[in-house]
Structures are given as C-alpha cells and as structure tokens.
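Work through the exercises below with the model at hand. Each task is followed by a stepwise solution.

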Amino acid sequence: MNESILIISLIAVIIVLLCVILYQQFAFHKGMGKNLREISQKIADILEQDSAEQIMVFTDNKELISLCGQLNCLLLDRQKIKIDFKRQEESSKKMLSNISHDIKTPLTVILGYLEIMRLSDKENVSLQKVEAKAQQVMELINQFFTLAKLEAGDTQMELIKVNINELCRENILGFYDILQQKDFAVEISIPEQDISVLGSEEAIHRILSNLISNAVRYGSAGGYIGLTLREDETYAFVDIVDKGRGIERAFAASVFERLYTMEDSRNRNIHGNGLGLTIAKNLANQLGGDITLESEPNVKTVFTVQLRKV
C-alpha cells in the first residue's frame, strides 16, 4: 500500500514538474513572440516616419538584447548615410547654382558682342548660327539656374487666386505660329465657366509652356496637339496631349528626373536638355499640385497638370 502511494506521489510530482516546464516554455515563447512583434512594429514605425529613433525592448533575454543592439547599429548607419547624402546633395545644388551664375555673366557679354557683329554684317550666315547656338547655351544656363534655385528652396512664390482658363488660352495661342508652320491639328477644350486655382501666374505659365513645347517638339510625328481643362471638387486638371512616338512604360517613371535622357523613347532627351519637365514638375509640387504622365507609344501621350482649386 505504501509503495502504491509512493509511486502515485512520484507520478504526481513528475506530472506537476512537466506542467511547470511546459508552462515556462509556453510563457517563454509567448514573451519572445511579443518582444519580436514589438521590435518588428518599432522598425516599421521608424521606417515609415523616417525618424532617428532606436529600438528599446524591456527583456532579460540576452539574444533579444543582442539583436536590438545590432539593429540599432544598422539604423544608426542608415541615419549617417542619409545625412551624408543630404550634405552632398546640398553641396551639389549650391555648386550648380554658382556655376550657372559664373557662366551666365561672360556668356551675356559674348551674346552682346555677337549681336553687334550681326547687326553690322546681317548676311553672315555663320555668325547667325553662332549666335543661335550661344542663345541655346544661355537658355540651358538659365534653366540650370532656375532649377538650382527651386531645389535649394530659394524661390519664393506668392500664391494667389489664378484664372486657369485664361492662362491655358494664352499659352496655346503663344504657339499658334509654330503649330501652323508644322501643320498641327489642334484640339482645345476650355470651359466657358472660369476655374480658379491657387498658384502663381508666372509658375503656371512656365509649366504649361514647357509641356506644350515638349508636345510640339516630340509629337510632331503625330501632327496633333490637344489641351483640355477639366475639374473635380478639389482640383483643376490640364491635359496636354500629343500623338507622336510616345514614351515607353519603362521610361515613364523617370522622365521628370533631372537631366534624364531617353534616347530610346523619343529619339532625343526630353525637352532637349532634360530640365524642362523637371522644372515643370518642381514648380507644380511647390504650388501644392503635381504632373503625371500616361503614354501609349505611337498612339497618345498625355501630361496632366493637377492644381488645387480655390
């Protein structure tokens, strides 16, 4: 009898010990899982908010403590890389602005002398070509200078109520002669009812001018240009359409990048020097809007300007 009780007691003790061990294992894995979820969520928050925070998890587990330490080292390296990149970017922008200014000054003098020489020798074709090329260089320098100022945040624009209907009409009419010369079919759809947007007349004029110029230059194969003004409850939209060779989908996400060239998409780089679309998009963003692109090669290319209504 005593042996039976002893055996039963031993079995009971073993069962209790097993239950304790299983509970400890369960609690350990549960705590480990909770800590790992906290770490994962913290990393996601840091990446989403782009913050400089570090991971802190209260635990006695040496492996988790080591893991958090290694992750914090990686996050610290990431912050250092970001800071270095930002410094280099700012330095590049300042250098671009300075170079543009330094080149612009002597080029202005050269253009002045070229004009004097041309006026005294109007039949000199070579001189005319040299002056035309110098004008192109000056335009490029001006665009570099404008872009450098925009990216450096040195351009202050006073946002006012602007009649977008009138700006659309003025800009398409500004290309009337060249559209006639190139025998373009022109389709314009501008509502009679005025649509007002928050913006700068000068900035919006430049945006539309750059986009129309781009459509004229690279849509000539299609012989068509369209301008449509439309709206919803919040935004006004201006669609600039051409039916030229179009832009391949692989290039569509990159056309607004500075100095991005696309020899395969439209034979030459966008807007001649890769700055026209970059400036247009930068200006649209500063006005609280955007520019998007949809293109089906050899069918239709649409640049859409989005501006907030007032």
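**Exercise 1: the surroundings of C68**

Leaving aside neighbours within four places in sequence, C68 touches I39, I55 and V57, where contact means heavy atoms within 4.5 Å. The model is predicted: local features need pLDDT of at least 70, side-chain atom pairs count only at pLDDT 80 or more, and totals for chains, interfaces and linings use all residues. Residues are numbered from 1 along each chain as its sequence is written, and side-chain values use heavy atoms, without hydrogens and water.

Solution. Step 1: C68 belongs to helix α2 (residues 62-120); helices are DSSP runs of H or I with at least four residues, numbered from the N terminus. Step 2: the C-alpha atoms of C68 and I39 are 7.8 Å apart, at 29 residues along the chain.

**Exercise 2: other cysteines**

Task: classify C73 and C168, and count the disulfides.

Solution. Step 1: C73 has 43% relative accessibility and therefore counts as partly exposed. Step 2: C168 is buried, at 0%. Step 3: with a disulfide taken as a pair of cysteine sulfur atoms within 2.5 Å, the count is 0.

**Exercise 3: α4 and α6**

Task: list the α4 residues that meet α6.

Solution. I164, L167, C168, N171 and I172 in α4 meet E201, I204, H205, L208, S209 and I212 in α6.

Conventions
Helix = DSSP H or I, 4+ residues; strand = E, 2+ residues; numbered from the N terminus. Buried < 20%, exposed > 50% of the residue type's maximum accessible area, 1.4 Å probe, protein only.
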